[in-house]
Amino acid sequence: MTAHIIYQCPACQTRQVSTPEPATGPVRCSHCDWSRNEGAGDFHDQVICRCRICGCDDLWRQKDFPPALGLAIVGIAASLSCVAWAWYRPVTALVILLMAAFFDMLLFTFMGDMLVCYRCASRHRRSAMNEEHPQFNLEISERYRQQAMQKERAAGR
Ligand SMILES: [Zn+2]
Ligand SMILES: [Zn+2]
């Protein structure tokens, strides 16, 4: 599996998707010449331990599952189920809904996790990570938000 990093380039601010090969390889912007090559320094026992874009140590783990996809499946199932109701097929209607719920659950289980950076919001998809990696923490997030605000104030903006 190739690692997949979605981020905003710190230099030119464009949205970038990088697939470093190997996973510890340098991350490069395709738009300007920004690159970051900390390689193995970002990893600890082969798993990511800090953000590959800004080097921040705090990352949270999140299901790599687009919520829109889950909603779309439920939406389609709901309309199909209405059609079944209209045709006096209550059992079919119920089965359609149950299958959709089951399918959602399966997707949710088998889609991997991704790591998101608290500081720059880069998303590290399909990367080797620690299964014990903590999930989103509001306190840490708040700390980074404050820091970012202070920085902006200091910059006189
Ligand atoms: Zn760039
Ligand atoms: Zn970051």
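Predicted model: local features only at pLDDT ≥ 70, side-chain atom pairs only at ≥ 80, totals over all residues.
View 1. Strand β1 (residues 4–8) and β2 are antiparallel and are joined by four bridges. Six residues lie between the two strands of this hairpin, in which Q13 has a positive phi near 65 degrees.

**View 2. The side chains of strand β2 (residues 15–18) alternate between two faces.** Q16 and S18 are buried and point to one face.

**View 3. Strand β8 (residues 113–117) pairs with β7 and with β9.** Strand β7 (residues 59–63) runs antiparallel to β8, with five bridges between them. Within that pair, W60 has V116 of β8 as its bridge partner. Strand β9 (residues 123–125) is also antiparallel to β8 and is joined to it by two bridges. Here the bridge partner of L115 is H124 in β9. The β8 and β9 hairpin has five residues between its strands, and A121 takes a positive phi near 65 degrees. Because four of its five residues are buried, β8 is largely enclosed by the rest of the structure.

**View 4. The largest nonpolar core has 14 residues.** I5, C51, I53, L59, L115, V116 and C117 are the residues with the most contacts inside this core. At least two residues of the core come from β1, and at least two from β8. The largest contribution is that of β8, with four residues. In soluble globular proteins, nonpolar side chains tend to be buried together.

**View 5. The contacts of L115 are shown.** Leaving aside residues up to four places away in sequence, L115 touches I48, L59, R61, H124, S127, M129 and H133. Of these, H124 is the bridge partner of L115 in β9. Another, L59, is listed with L115 among the residues that have the most contacts inside the largest nonpolar core.

**View 6. Helix α1 (residues 67–86) is hardly covered.** The helix has 20 residues and reaches 29 Å from its first C-alpha to its last, close to the expected 28 Å at 1.5 Å a residue. One of its 20 residues is buried. Y88, which follows α1, has a positive phi near 55 degrees.

**View 7. The domain assignment divides the protein chain into domain 1 and domain 2.** Domain 1 is made of 4–63 + 114–154, and domain 2 of 67–109. Taken over C-alpha atoms, the centres of domain 1 and domain 2 are 36 Å apart.

Methods. Residues numbered from 1 in each chain as written. Chains lettered and ligands numbered in written order. Domains from an automatic or database assignment. Buried ≥ 20, exposed ≤ 12 C-beta atoms within 10 Å, placed from the backbone. Pairing = 2+ DSSP bridges. Expected span 1.5 Å × (residues − 1). Core = buried A, V, L, I, M, F, W, Y, C linked by C-beta atoms within 7 Å. Contact = placed C-beta atoms within 7 Å.
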